[in-house]
Amino acid sequence: MTEIAKALAAFYGSFGIPAYTEDSVPDDVTLPYITYTVPKSEVFSGATHQARVWYEGTGYAAVSAKADEIIAAIGQGVRLKAGRGYVCIYPGTPLAQMQPADDTTRIVYLNLELRSYV
């Protein structure tokens, strides 16, 4: 696991529900959970970064509340320790979008920017 991946795992894992990289969600996982991408970025470079908040239900209150919690933690930018350096996550545009996956799954998609100083 890269230093960036470790920093992102710690950040997204701090919101009280399981968090997985987009390509590592277990087959038997139950909702709610967070998925996120791990950009392949060079030192002192930027990349797009996405996170998704997944909840079961027909309403958007719970999933929106968790997305708002993540957005508040990011603020105008959050710096995460990563090895000997750090990575910063910034809000993207548009920042959040609702995506119904099916009749009982609700997703909030977060569009973010990541800058690496690792």
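Helices (H or I, at least four residues) and strands (E, at least two) are taken as DSSP runs and numbered from the N terminus. The model is predicted, so local features need pLDDT of at least 70 and side-chain atom pairs count only at pLDDT 80 or more, whereas totals for chains, interfaces and linings use all residues. Residues are numbered from 1 along each chain as its sequence is written, and side-chain values use heavy atoms, with hydrogens and water left out.

An open sheet of mixed pairing is formed by 6 strands in the order S1-S2-S3-S6-S5-S4, two strands being paired if DSSP finds at least two bridges between them. On average, neighbouring strands are turned by 30° against each other, direction ignored. Strands S3 (residues 45–56) and S6 (residues 105–117) are antiparallel and share 12 bridges; Glu56 has Thr105 in S6 as its bridge partner.

Helix H1 (residues 3–12) packs on this sheet and touches S1, S2 (33–36), S3, S4, S5 (85–100) and S6, contact meaning heavy atoms within 4.5 Å. The direction of H1 makes about 125° with that of S4; axes are lines fitted to C-alpha atoms, for helices over the stretch in contact, and angles run from 0 to 180 degrees between N-to-C directions. Helix H2 (residues 61–74) lies across S2, S3, S4, S5 and S6, and runs at about 10° to S6.

Two cis peptide bonds are described here. The bond from Leu31 to Pro32 has omega near 5°, and Pro32 is placed in the loop between S1 and S2. The bond joining Thr93 and Pro94 has omega of about -15°, with Pro94 in strand S5.

The structure holds 3 salt bridges, defined by a side-chain nitrogen of Lys or Arg within 4 Å of a carboxyl oxygen of Asp or Glu. Glu22 and Arg52 meet at 3.0 Å, N to O. Glu22 belongs to the loop between S1 and S2 and Arg52 to strand S3, so this pair ties together parts 30 residues apart in sequence. In helix H1, Lys6 and Glu3 lie 3 residues apart, about one turn, and their closest N and O atoms are 3.5 Å apart. In helix H2, Glu69 and Lys66 are likewise separated by 3 residues, about one turn, with an N to O distance of 3.1 Å. Glu69 is partly exposed at 37% relative accessible area, whereas Lys66 is buried at 12% (buried means under 20% relative accessible area, exposed over 50%, partly exposed in between; 1.4 Å probe, protein chains only).
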